[in-house]
Amino acid sequence: QVQLVESGGGLVQAGGSLKLSCAASGLMFAMTSMGWYRQAPGKERELVASIRSGSITNIADSVKGRFTISRDNTKNTVYIQMNSLKPENTAVYYCNNQTMYGPRGNYWGQGTQVTVSS
């Protein structure tokens, strides 16, 4: 059974930073591409960043230069470092396994809330 547990969210002022973690179990983590998604109230989930097993990364244009994705395969954990946060970054952040067709619908965890105040 795959379990993805996100942590590290919280309330931060605009311009501040947060680092989120996603601990994975029940899958061959080192072999997987992983992504960070976010879902703001009333909106659909959107991809923020992704990282391949070989650590090749893709970052959404809206957060390039501010967000960085990384992974530690010894801990089965993927991270997203979020700097210079803006109120529009407020959302629940989720991680998921990446496939060529997108995230796996049965892998979604609870996410972690990020709230950026002005």
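Let's start with Ile80: leaving aside residues up to four places away in sequence, Ile80 touches Leu18, Lys19, Leu20, Trp36, Val48, Ala49, Phe67, Thr68 and Ile69. Keep in mind that what you're looking at is a predicted model.

As a general point, nonpolar side chains in soluble globular proteins tend to be buried together.

Now for the disulfide. Searching the whole structure turns up 1 disulfide, and the cysteines it joins are Cys22 and Cys95, with an S to S distance of 1.8 Å. Cys22 sits in strand 3 and Cys95 in strand 9, so this bond ties together parts that are 73 residues apart in sequence. Its handedness comes from the torsion about the S-S bond: the angle is about 55°, so the disulfide is right-handed. Both Cys22 and Cys95 are buried.

| Pair | Centre to centre | Angle between planes | Geometry |
|---|---|---|---|
| Tyr37 and Trp108 | 5.2 Å | 85° | edge-to-face |
| Tyr94 and Trp108 | 5.8 Å | 75° | edge-to-face |

Why do these count as edge-to-face? The planes are 85° apart for Tyr37 and Trp108 and 75° apart for Tyr94 and Trp108, and the cut-off for edge-to-face is over 60 degrees. Tyr37, Tyr94 and Trp108 form one aromatic cluster.

Tyr37 belongs to strand 4 while Trp108 is in the loop between strand 10 (102–103) and strand 11, so their pairing ties together parts that are 71 residues apart in sequence. Tyr94, in strand 9, is 14 residues apart from Trp108. Are the members buried or exposed? Tyr37 counts as buried, at 6% relative accessibility, and Tyr94 is buried too, with a relative accessible area of 10%. Trp108, with 24%, is partly exposed. Trp108 also has a charged neighbour: Arg45 lies over its face, at 3.8 Å from the ring centre. There's another charge-over-ring arrangement elsewhere, with the charged end of Lys19 over the ring of Tyr79, 4.7 Å from its centre.

Strand 11 (residues 112–117) deserves a look as well. Its covered face carries Thr112, Val114 and Val116, and its uncovered face Gln113, Thr115 and Ser117. Strand 11 pairs with strand 2 (residues 10–13) in the parallel sense over 4 bridges, with Gln13 opposite Ser117. Strand 11 also runs antiparallel to strand 9 (residues 91–99), joined by 3 bridges; there Tyr93 has Thr112 as its bridge partner.

Last stop, Ser70 in strand 7. Ser70 counts as partly exposed at 30% relative accessibility. Not counting residues up to four places away in sequence, Ser70 touches Ile51, Val78 and Tyr79. Its C-alpha atom is separated by 15 Å from that of Leu47, 23 residues apart along the chain.

How values were computed
Residues numbered from 1 in each chain as written. Predicted model: local features only at pLDDT ≥ 70, side-chain atom pairs only at ≥ 80, totals over all residues. Heavy atoms only, no water. Buried < 20%, exposed > 50% of the residue type's maximum accessible area, 1.4 Å probe, protein only. Helix = DSSP H or I, 4+ residues; strand = E, 2+ residues; numbered from the N terminus. Pairing = 2+ DSSP bridges. Contact = heavy atoms within 4.5 Å. Disulfide = S-S within 2.5 Å. Phe/Tyr/Trp six-rings, centres within 6.5 Å; stacked < 30°, edge-to-face > 60°. Lys NZ or Arg CZ within 6 Å of the ring centre and 35° of its normal.
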